[in-house]
Amino acid sequence: MSDSPILAVKGLRAGVADEDLDILKGVDLALGPGEVHAIMGPNGSGKSTLAKVIAGHPGYEARGGSVEFGGEDLLEMEPDERARAGVFMAFQYPAEIPGVSIANFLRTALQSRLEDGEELDLFDFQELLMERMELLGMDASFAERHVNDGFSGGEKKRNEILQMAVLKPALAVMDETDSGLDIDALQVVARGVNALREENPEMSVLLITHYQRVLSHIVPDTVHVVVDGRIVESGGPEVALELEAQGYEEYRKAHAA
Amino acid sequence: MRRGTRRGICREAVLEAGAADPAWLRARREEAWEIYGAMPLPSTRSEEWRYTDVGRMLPFDELEPAEGGAASGPPGELRRAMEQDRESAGRIVDVDGRVVSVELDGAAAAQGVVLSSLREAARAGVHGVESLLATDAVPASDGKFPALNAALWTDGVFLYVPRGVRVDRTVRLSRWVSRPGTATFTRILVVAEEASRISFVDEILSPGFDSVTLANTAVEIFSRRGAQVQYVSLQRMGRGGFYLANQRTLAERDSTLDTLNVALGGSAGRVDLNARLLGPGANSDMLGLYFGDADQHFDFNTSQDHVAPNARSDLLYKGALDGAARGVFRGVIRVHEGAQGTDAYQTNRNLILSDRAVATSLPNLEIEADDVRCSHGATVGQLDAEALFYLMSRGLERERAERLVVLGFLGEVLSRLPLGGVADKVSRAIEAKLRHV
Ligand SMILES: Nc1ncnc2c1ncn2[C@@H]1O[C@H](COP(=O)(O)OP(=O)(O)OP(=O)(O)O)[C@@H](O)[C@H]1O
Ligand SMILES: [Mg+2]
């Protein structure tokens with residue numbers, strides 16, 4: 001915790017571009033290298049908005065405060081620059097890209113990380129992809145499917161994890177990756193995340209979830225509770241357990257008062 | 001460079017083109033020229049030419065009929081395009097409207113397959129040419145440009161596959177136009193006899209030109225009972241090129257006659273494709289793919305004529321348009337009286353990549369039978385912002401992300417194509433073009 005944070009969010013106010021209303025009303029968050037922070041909160045409280053502002057979604061704008069990643073001003077960077085710098089977001093609702101295979105997509109993503117004129121070694125790539133799919137218990141044919149096109153909810157989430165495992169980010173923002181997964185798939189996803197953290201103990205994770213269940217597989221250092229665009233409580237894993245038992249009513253009341 | 005005196009498009013040019021022809025062909029040219037003279041130039045007042053103003057786009061008075069190419073073999077660019085091809089059963093090279101070389105696999109030749117310069121086949125009286133050239137498929141009476149082609153064609157391809165002969169590898173035509181301001185008139189005649197099989201790829205390339213340069217093509221394809229035929233046109237001319245083609249496919253009982261039109265190059269392209277389903281059990285898959293940028297203009301006018309009952313046709317044309325490019329698709333399914341049990345489908349999808357690009361899509365149905373299954377659909381859409389963000393969030397630069405979306409969009413057409421090697425070649429050509437956008 002004494003390390004300087006990999007992700008530092010300070011007083012962040014943000015909303016939908018071209019709309020006055022703030023969705024995030026002053027968020028502070030500091031994530032150290034190798035830490036796992038969970039974010040919980042009721043529907044519509046601004047969790048995905050926070051994730052998208054970190055990833056650089058053009059539909060949202062930051063209107064106050066700052067977001068730094070490894071000491072750099074993240075808000076000044078294009079989404080692709082953020083990704084190449086090591087930010088990865090697993091989407092709550094991943095987009096479909098008809099006609100583009102997962103393998104081709106990932107190859108292009110890795111190629112984008114190389115200098116001009118440098119060519120990705122296709123043999124190495126194939127090996128990495130196969131190894132990652134094996135880690136996640138996926139059939140080799142999965143990589144030939146078109147990105148999210150006609151995927152079930154669970155397949156989309158697995159695809160997000162596969163991409164994360166191939167791209168090896170420094171910061172993974174996972175937006176409800178555990179929602180809609182069956183018990184086996186949840187374990188596969190958790191195993192994937194934990195294996196990546198073992199490989200790279202510096203990898204930090206911001207895990208947005210509604211369920212305590214996933215936190216028994218991916219154990220957080222800190223749990224934050226977001227209500228109406230603000231972090232209203234931060235604490236250890238016990239916070240999630242309390243939420244599971246009591247719900248958000250107390251926070252809502254306290255917040256409204 | 002050899003250059004005759006200027007002739008322009010005129011009767012002398014018709015006589016010259018037919019100078020060494022047999023009498024029947026000279027007569028046919030004369031007749032076609034008469035028809036040409038009697039027909040007005042298509043105007044934008046007609047429904048079929050509303051979006052392509054040929055009168056303005058083609059300087060008829062300045063075009064010079066091409067006189068054939070140098071015999072020194074194909075130029076570098078054409079050779080490079082040819083080297084990308086997988087092995088073929090036959091190969092014919094045409095430069096400036098003249099066939100300069102013909103090669104046919106020995107085994108195919110031994111089975112009676114004929115691959116020849118059309119001009120030589122006509123002069124030598126090869127069986128089938130006189131009866132099928134500009135008669136049942138693309139006769140002069142079809143329109144202004146079919147008439148002009150029938151009068152002025154200088155060469156092309158005659159491909160004949162005898163009954164029961166199945167040629168597994170592709171036969172390829174590689175065409176090169178080198179001279180600015182010329183008009184090249186080419187004909188392709190393919191006859192696949194009963195239960196035979198053939199696939200034919202027609203690729204045209206050219207350098208960029210300062211003045212409008214016309215490549216006019218008439219394509220006539222016959223698939224007899226139970227035959228399987230594929231025709232692919234790859235249009236990769238340089239800027240200034242105007243590609244104008246009339247294609248007609250005649251599919252008899254239980255035959256398969258599939259086509260793919262790819263338009264990537266040239267300044268303008270207009271393709272009129274008429275697929276005729278003449279016998280029960282006939283099937284035509286009709287694929288099209290176009291990708292325009294700058295001020296490129298592509299116009300496709302297709303028709304699916306179900307003359308016989310219980311035949312099927314399925315059309316899918318997809319285009320991406322960038323810059324100030326324009327795409328026009330006009331398609332009609334015609335189910336003739338008595339063509340019960342028809343299955344006919346038609347889909348045109350466009351992806352618009354810039355605010356200056358325009359796509360026009362006009363699907364149509366004319367149905368005179370009652371027991372039919374028909375559908376048509378058209379879409380014009382923009383790049384999906386969420387998809388782009390998704391790709392960029394994985395580290396792809398905007399251009400690379402756009403490229404991938406376009407390739408994926410167009411790839412649906414290629415994935416439907418069974419022909420080995422063509423899909424690779426086309427996706428490479430599209431990728432090369434995308435890198436310049
Ligand atoms: N693009 C948008 N346009 C309009 N309103 C939006 C947009 N994005 C978010 N909002 C609104 O902002 C609020 C926060 O949305 P957000 O998606 O961040 O919530 P969330 O905490 O992720 O909720 P959930 O748990 O349901 O996923 C909601 O009221 C939502 O309707
Ligand atoms: Mg959300």
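1. V36(A) has V205(A), in β8(A), as its bridge partner. The two strands involved are β3 (residues 36-40) and β8 (residues 204-208) of chain A, which pair in the parallel sense over four bridges. Strands count as paired if DSSP finds at least two bridges between them. Strands themselves are DSSP runs (E, at least two residues), as are helices (H or I, at least four residues), and they are numbered from the N terminus.

2. A word on the source. This is a predicted model, in which local features need pLDDT of at least 70 and side-chain atom pairs count only at pLDDT 80 or more, while totals for chains, interfaces and linings use all residues. Residues are numbered from 1 along each chain as its sequence is written, and chains are lettered from A and ligands numbered from 1 in the order in which they are written.

3. β8(A) has another partner. Five bridges join β7(A) to β8(A), and these strands run parallel. Here L171(A) has S204(A) of β8(A) as its bridge partner.

4. Is β8(A) mostly covered or open? Mostly covered: five of its five residues are buried. Buried means that 20 or more other C-beta atoms lie within 10 Å of the residue's own; exposed means 12 or fewer, partly exposed lies in between, and the C-beta atoms are placed from the backbone. Both faces of β8(A) are covered. S204(A), L206(A) and I208(A) are buried on one side, V205(A) and L207(A) on the other.

5. Now the whole sheet. Six strands of chain A form an open sheet, in the order β6-β7-β8-β3-β9-β10, with mixed pairing. β6 (87-90) and β10 (230-235) of chain A stand at the edges with a single partner strand each, so one side of each has no neighbour in the sheet. From one strand to the next, the twist averages 20 degrees.

6. α5(A) lies across β6 and β7 (171-175) of chain A, and runs at about 165 degrees to β6(A). Axes are lines fitted to C-alpha atoms, for helices over the stretch in contact, and angles run from 0 to 180 degrees between N-to-C directions. Contact means that the C-beta atoms of two residues, placed from the backbone, lie within 7 Å.

7. Chain A overall has eight helices and 10 strands. Its radius of gyration is 18 Å, close to the 18 Å that the globule rule gives for 257 residues, so chain A is as compact as a globular protein of that length. The radius is taken over C-alpha atoms, and the rule is 2.2 Å times the number of residues to the power 0.38. Along the principal axes, the C-alpha trace of chain A spans about 60 × 40 × 40 Å. Of its 257 residues, 42% count as buried. Among contacts in chain A with a separation of 6 or more, 71% involve residues 24 or more positions apart.

8. Chain B has 11 helices and 20 strands. A compact globule of 437 residues would have a radius of gyration near 22 Å, and the 21 Å of chain B agrees. Its C-alpha atoms fill a box of roughly 65 × 55 × 50 Å along the principal axes. Of the 437 residues of chain B, 55% count as buried. Contacts in chain B between residues at least 6 apart in sequence join residues at least 24 apart in 82% of cases.

9. How many residues does each chain bring to the contact between them? Chain A brings 22 and chain B brings 21. On the side of chain A that touches chain B, α2 (79-85), α3 (102-111) and α5 (153-167) of chain A each supply at least two residues. α2(A) gives the most, with four residues. That side has 14 nonpolar, five polar and three charged residues. Nonpolar covers Ala, Val, Leu, Ile, Met, Phe, Trp, Tyr, Cys and Pro; charged covers Asp, Glu, Lys and Arg; the others, Gly among them, are polar.

10. Around ligand 1 there is a shell of chain A residues, including V16(A), G44(A), K47(A), S48(A), T49(A) and Q92(A). Helix α1 (residues 47-55) of chain A gives the most to this shell, with three residues. By class, the shell has two nonpolar, nine polar and one charged residue.

11. Last, P237(A). This residue lies in the loop between β10 and α7 (238-246) of chain A. P237(A) is partly exposed, with 16 other C-beta atoms within 10 Å. Leaving aside neighbours within four places in sequence, P237(A) is in contact with L215(A), V219(A), P220(A) and V223(A). The C-alpha atoms of P237(A) and P220(A) are separated by 6.3 Å, and the residues are 17 apart along the chain.

Technical notes. Near = placed C-beta within 6 Å.
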